[in-house]
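Here's a quick briefing to read with the viewer open.

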Amino acid sequence: MQNRNGKMMNTVREQVQNMTSRELDELAQYITLRRDSLNAQAALKLRVGDKVSFTGKRGRYVTGLVEGFKRRGVVLLAGCSDGMRWRVPASMLSPVLPKAA
């Protein structure tokens, strides 16, 4: 049995199947605006120096420090010795809580 979100996604898929090219372009533009809005809201909760994590490609768990903010993402300095920098959408980041002593 599917949950409510599964049913909603099936409905969306059916609707998308019947859209014209112009309607698909409009939907894509709306999705981009919505993602930008979610990322902006998430970025407001972050500060330079915050320790955060995300799951990257191929399931790699990455932690790092917030180094700065760009229009479309947060710049992180990864917690590994090579000092790799990542630009990640703020909505993909989770705060890393300090370990209890």
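What follows covers confidence, the sheet, the core, and a couple of side-chain details.

This is a predicted model, so keep the ground rules in mind: local features need pLDDT of at least 70, side-chain atom pairs count only at pLDDT 80 or more, and totals for chains, interfaces and linings use all residues. Residues are numbered from 1 along each chain as its sequence is written, and side-chain values use heavy atoms, with hydrogens and water left out.

**Confidence**

- The protein chain has a mean pLDDT of 88, and 93% of its residues reach 70 or more; pLDDT is the predictor's confidence in each residue, from 0 to 100.
- Among the elements, helix α2 (residues 21–43) has the highest mean pLDDT at 94, while helix α1 (residues 4–17) has the lowest at 89.
- Helices (H or I, at least four residues) and strands (E, at least two) are DSSP runs, numbered from the N terminus.

**The sheet**

- You'll find 5 strands in an open sheet, ordered β4-β3-β2-β1-β5, with antiparallel pairing; two strands pair if DSSP finds at least two bridges between them.
- β4 and β5 (94–95) sit at the edges with a single partner strand each, so one side of each has no neighbour in the sheet.
- β2 and β3 run antiparallel, joined by 6 bridges, and they make a hairpin with 2 residues between them.
- Along that pairing, Val66 has Leu76 in β3 as its bridge partner, and Lys70 stands opposite Gly73 in β3.
- On to the next pairing: β3 and β4 are antiparallel over 4 bridges, with Arg85 in β4 as the bridge partner of Leu77.

**The core**

- The largest nonpolar core has 12 residues, including Ala42, Leu46, Val52, Phe54, Val62 and Leu76; such a core is a set of buried Ala, Val, Leu, Ile, Met, Phe, Trp, Tyr and Cys residues joined through side-chain atoms within 4.5 Å.
- β1, β2 (61–70) and β3 (73–78) each supply at least two residues of this core, and β3 gives the largest share, with 3 residues.
- β3 is largely enclosed by the rest of the structure, because 5 of its 6 residues are buried; buried means under 20% relative accessible area, exposed over 50%, and partly exposed in between (1.4 Å probe, protein chains only).
- Leaving aside neighbours within four places in sequence, Leu76 is in contact with residues including Val52, Phe54, Val66, Trp86, Val88 and Leu93; contact means heavy atoms within 4.5 Å.

**The aromatic pair**

- A search of the whole structure turns up 1 aromatic pair.
- That pair is Phe54 with Trp86, edge-to-face at 5.2 Å centre to centre and 70° between the planes.
- Phe54 lies in strand β1 (residues 51–55) and Trp86 in strand β4 (residues 85–88), so the pair ties together parts 32 residues apart in sequence.
- Rings of Phe, Tyr and Trp (its six-membered ring) pair if their centres lie within 6.5 Å; planes under 30 degrees apart count as stacked, over 60 as edge-to-face and the rest as tilted.
- Phe54 is buried at 4% relative accessible area, whereas Trp86 is partly exposed at 22%.

**Ser53**

- Ser53 is found in strand β1 and is buried, with a relative accessible area of 7%.
- The Ser53 side chain makes a polar contact with that of Tyr61 at 3.3 Å; a polar contact is a pair of N or O atoms within 3.5 Å, and within protein one must be able to donate a hydrogen and the other to accept it, with residues adjacent in sequence counting only if both atoms are side-chain atoms.
- Not counting residues up to four places away in sequence, Ser53 touches Tyr61, Val62, Thr63, Met92, Leu93, Ser94 and Val96.
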